[in-house]
Each structure stands twice: as structure tokens, then as C-alpha cells.
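Please keep the sequence and the model in view while reading.

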Amino acid sequence: MSRVYLDNNATTRLDPRVLDAMMPYLTDRFGNAASRSHAFGWEAEEAVEKAREQVAGLIGAESTKEIVWTSGATESNNIVIKGVTSMYAEQGRHVITQRTEHKAVLDPCKFLETQGSSVTVLDVDSGGRIRLEELESAIREDTILVSVMFANNEIGTIQPIAEIGRLCKPRGVLFHTDATQAFGKVPIDVQAMGIDLLSCSGHKIYGPKGVGALFVRRRAPRVRCRPLFHGGGHERGFRSGTLNVPGIVGLGQAAALTGAEMAADAARIGALRDRLWTALRDRIEPITRNGDPQHCLPNTLNLSVHYVEGEGLMMACKDLAFSSGSACTSASLEPSHVLKALGVADDVAPSSIRLSLGRFNTADEVETAIDQITRAVERLRAMSPTYEMALQAGSLQRRTG
Ligand SMILES: *Cc1c(COP(=O)(O)O)cnc(C)c1O
């Protein structure tokens, strides 16, 4: 029995075409992109500049100078939240974010508060979207930054990004979006959407781990940022350190592929996700889908399988890889902060699982997943006293067959 990987929001398999692009830079072309005096350096620099074009192209950046290489989205988010706020501290020390952000935004924001900044964390509606009126009234004289993710990693909910950009721009507030999950999955246009800063990562788009990028707008406005790392002055001073050339080449190639294949992948993966949902919904009663189906990434399905623990379900589906509750806090077994923010009840949240599909999933794999999950839920519910009580209380239909 082969394993089925349905945890693509945690990380993805490296696309073989990405590995092919990287391989020369892991072998013969090992030069330092900052070496100006010989061909080893020049060819590395050329590869890095090509990757900059590929990433800039995927988000509609005006100039490749707006792309800064980092070690991943966590670092990109930290550069923004600490570095930009530090640069603009004289203008104000108020930041606005929202409840369902990744910890790589929420934790730096908590850190800012310990340094005397003030942070407003917006609530979300039951689908996980912020309310624009609440954002508008949260903006103050001293607000310098709004950080709202493009799409959520646990539930797939897509925020009203262009509308947020339209609120920020005329008020002179910088708009950052953690686009790690949206990058390559849905169209992004930093110009049309009024995005000033954008974080993304290689390993969520079939690229390598440990490399990411930060878009920093250079015009209208020119965004300034205090670096977190000081050193050789690489990346126009935003991020010192010898560039990870093979990783950057991989991220560039991954971005080019995901851009070229976005529409076809979204349609195919979206159809697989919809098949997964309708089949599980029809076979497992009661079950609820979390998030906002109208504004959702095509690949993500977050479910609460009532009367079953998400952790137990994961264990029972030995050949399937997916995650329960929150991927990042699942070690702690705390209910996910994202599901809490949606208002998912405390007794239901532990029953939640996230299935996230990707480029390499097949229709057969989805059928395998449907069968395994359905059978595991039947087994687990048969052993569940609360399920039995609910049946006897008449609040559930006893399933036959
Ligand atoms: C995965 C993820 C991150 C962290 O990215 P790394 O490149 O692994 O640091 C940040 N934000 C979101 C929304 C993510 O999904």
C-alpha cells in the first residue's frame, strides 16, 4: 500500500523540474553570487537575477530590485514586522493584524508589544475573513503597518486583499501580506492590490526548503526597512549573508512553473478537493466544513468530523498524511487558534482535520483517502460513548450499511 500525501499546506514535494534547474548550482556552478571578479561569480549572479525575474513576474512587481531573498516566509515576516516598524517608529508605533495569521506573524507582533508598540488584532467572521469596516475604524493616526495574510494555511480562506490595499493606500499605511499559501495558487498582482510588502516561500510551491522571498515596494511609496541581519550588505542592505544560489534558482523555477500551470492546476486540484468534500459529506454524518467555501484556496479542505478526535483519525489512517487541528501547534494538542477565531466550539475543534492537495495528487489517491477516512470514522465512532449517547438521544440518524 503506497502512502498518500495530503499535507501540501505544510510542505510540498520538490518538482523534478525544479531539481533539474538547481542541480548545476549544487555542482559545477558553485560560485558566490557576490564574487565580481570571475566567471564563477558572474554565472551565479546571472542565475539569481533570472530567479528574481521569475518571482517578480508571478506577483506583478515592477522591478526585480523589489525582490529580497530570505530563508523563508518566517524570516520575510520577521523582517517586515520588526524591521519596517523599527524604521518608521518615529511616525507611529501601531500595527494592525488579524487572529488567523500564521504564528510567524502573530509571534513577532507579540514581541513588538513587549517593545512598547501597540498591536490591534482584528476578529474574523465565521468563514475567517476580516470585516473591512473594522479594519477601517482600527486605523489610527499612528498606524504604520497593516499585516493581513493572503490565504490561510489551515482553512484556505482568502482575505479581501485588494480592498485592504484600497483602505491602506490613501491613509499612508503600509500593507504587508503573508502570501505563502496564495503564491502560485491564485493570481497575485501587487500593483492592482496595493500590496507594499509580500512574503512567500519556496517549499510550499514544489521548490526547496529554506528559501523564500520578500517583495518590498520601491515606488509609491518607496518602503524602507531596518535589516535584522547586518553583514556584507547583500540584498541592498535588507538581508546580509551569502546567497543560497541553488535554493534561489529552485524558488525561481518553482515560481515560473506554478505561474505557467496555475489555471490548469487550480482547476484539476479544485475538482479533486470538491470530490473529496462531497464524498466525505455524503458518507460521514455529521461533518462540517470550516472556512469560507466562496473565498477558498482550491486545494484546501478543513473538516470537523464530529465524535471523532482529529488526532485519532490521523493515527487510524496509517497510509494517509494529513494534519489535525493546526499543523504548527498539533504537537501541543491545543485547539487551533484559527478554528477558535472562527468560533468553532471547543468540543468540536479537536475533531478537525486539514486535507491539503497538491500537484502530484491523483484521482485514485483521492478515492483511497475517501475510503480510508470513511472506514476509520466508522470504526472510531463505533467505539465512541458520546456518539452512542447522541444516537440514543435521537439527535443522529443511525447509519445502516
Ligand atoms: C508555511 C507558512 C509560513 C512559514 O514559511 P517558512 O518558509 O516555512 O518559514 C508562514 N506563513 C504561512 C501562511 C505559511 O503557510
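The model is a predicted one. The protein is divided into domain 1 (4–9 + 262–393) and domain 2 (16–258), and a search of the whole structure finds 21 salt bridges.

**The two domains and their interface**

- The C-alpha centres of domain 1 and domain 2 lie 29 Å apart.
- Contact between the two involves 28 residues of domain 1 and 33 residues of domain 2.
- About 2500 Å² is buried between domain 1 and domain 2, and carbon and sulfur atoms give 58% of this area.
- On the side of domain 1, the residues that lose the most area to domain 2 are Met 262, Leu 297 and Arg 359, which together account for 28% of what that side buries.
- At least two residues of the side of domain 1 that touches domain 2 are supplied by each of α8 (262–283), β10 (300–305) and α10 (337–342).
- The largest share of that side, five residues, comes from α10.

**Helix α6**

- Helix α6 spans residues 161–168, and Ile 161, Ile 164, Gly 165, Leu 167 and Cys 168 are buried in it.
- Seen down the axis of α6, these buried residues fall within an arc of 160°, so they line one face of the helix.
- The buried residues of α6 pack against α5 (132–138), β5 (143–147) and β6 (174–178).

- Asp 265 is placed in helix α8.
- Asp 265 counts as buried because its relative accessibility is 15%, below the cut-off of 20%.
- The side chains of Asp 265 and Arg 359 are joined by a polar contact of 3.2 Å.
- When neighbours within four places in sequence are left aside, Asp 265 is in contact with Gly 270 and Arg 359.
- A network of salt bridges links Asp 15, Arg 17, Glu 261, Asp 265 and Arg 359.

**Further salt bridges**

- Arg 52 and Glu 235 form a salt bridge in which the closest N and O atoms are 2.9 Å apart.
- This pair links distant parts of the chain, 183 residues apart: Arg 52 is in helix α2 (residues 39–59), and Glu 235 is in the loop between β8 (212–216) and α7 (245–260).
- Arg 52 counts as buried at 9% relative accessibility, and Glu 235 likewise counts as buried at 9%.
- Glu 62 and Arg 219 meet through their side chains in a salt bridge of 2.7 Å, N to O.
- Glu 62 lies in the loop between α2 and β2 (67–70) and Arg 219 in the loop between β8 and α7, so the pair ties together parts that are 157 residues apart in sequence.
- Glu 62 is partly exposed at 47% relative accessibility, while Arg 219 is exposed, with a relative accessible area of 52%.
- Asp 274 forms a salt bridge with Arg 273, with 3.0 Å between the closest N and O atoms.
- Of these two residues, Asp 274 is partly exposed, with a relative accessible area of 37%, and Arg 273 is buried, with a relative accessible area of 7%.

**Backbone features**

- The peptide bond from Ala 220 to Pro 221 is cis, with omega near -5°, and Pro 221 lies in the loop between β8 and α7.
- The peptide bond from Glu 285 to Pro 286 is also cis, with omega near -5°, and Pro 286 is found in the loop between α8 and β9 (287–290).
- Glu 235 has a positive phi of about 55° although it is not a glycine.
- Tyr 307, another residue other than glycine, has a positive phi near 70°.
- Tyr 307 is placed in the loop between β10 and α9 (310–316), and it counts as partly exposed at 30% relative accessibility.

Methods
Residues are numbered from 1 along each chain as its sequence is written. This is a predicted model: local features need pLDDT of at least 70, side-chain atom pairs count only at pLDDT 80 or more; totals for chains, interfaces and linings use all residues. Side-chain values use heavy atoms; hydrogens and water are left out. Buried means under 20% relative accessible area, exposed over 50%, partly exposed in between (1.4 Å probe, protein chains only). Helices (H or I, at least four residues) and strands (E, at least two) are DSSP runs, numbered from the N terminus. The arc is that of the directions from the helix axis to the C-beta atoms. Contact means heavy atoms within 4.5 Å. Domain bounds come from an automatic or database domain assignment. Buried area is the accessible area (1.4 Å probe) that two parts lose on being put together, summed over both. A polar contact is a pair of N or O atoms within 3.5 Å; within protein, one must be able to donate a hydrogen and the other to accept it, and residues adjacent in sequence count only if both atoms are side-chain atoms. A salt bridge is a side-chain nitrogen of Lys or Arg within 4 Å of a carboxyl oxygen of Asp or Glu.
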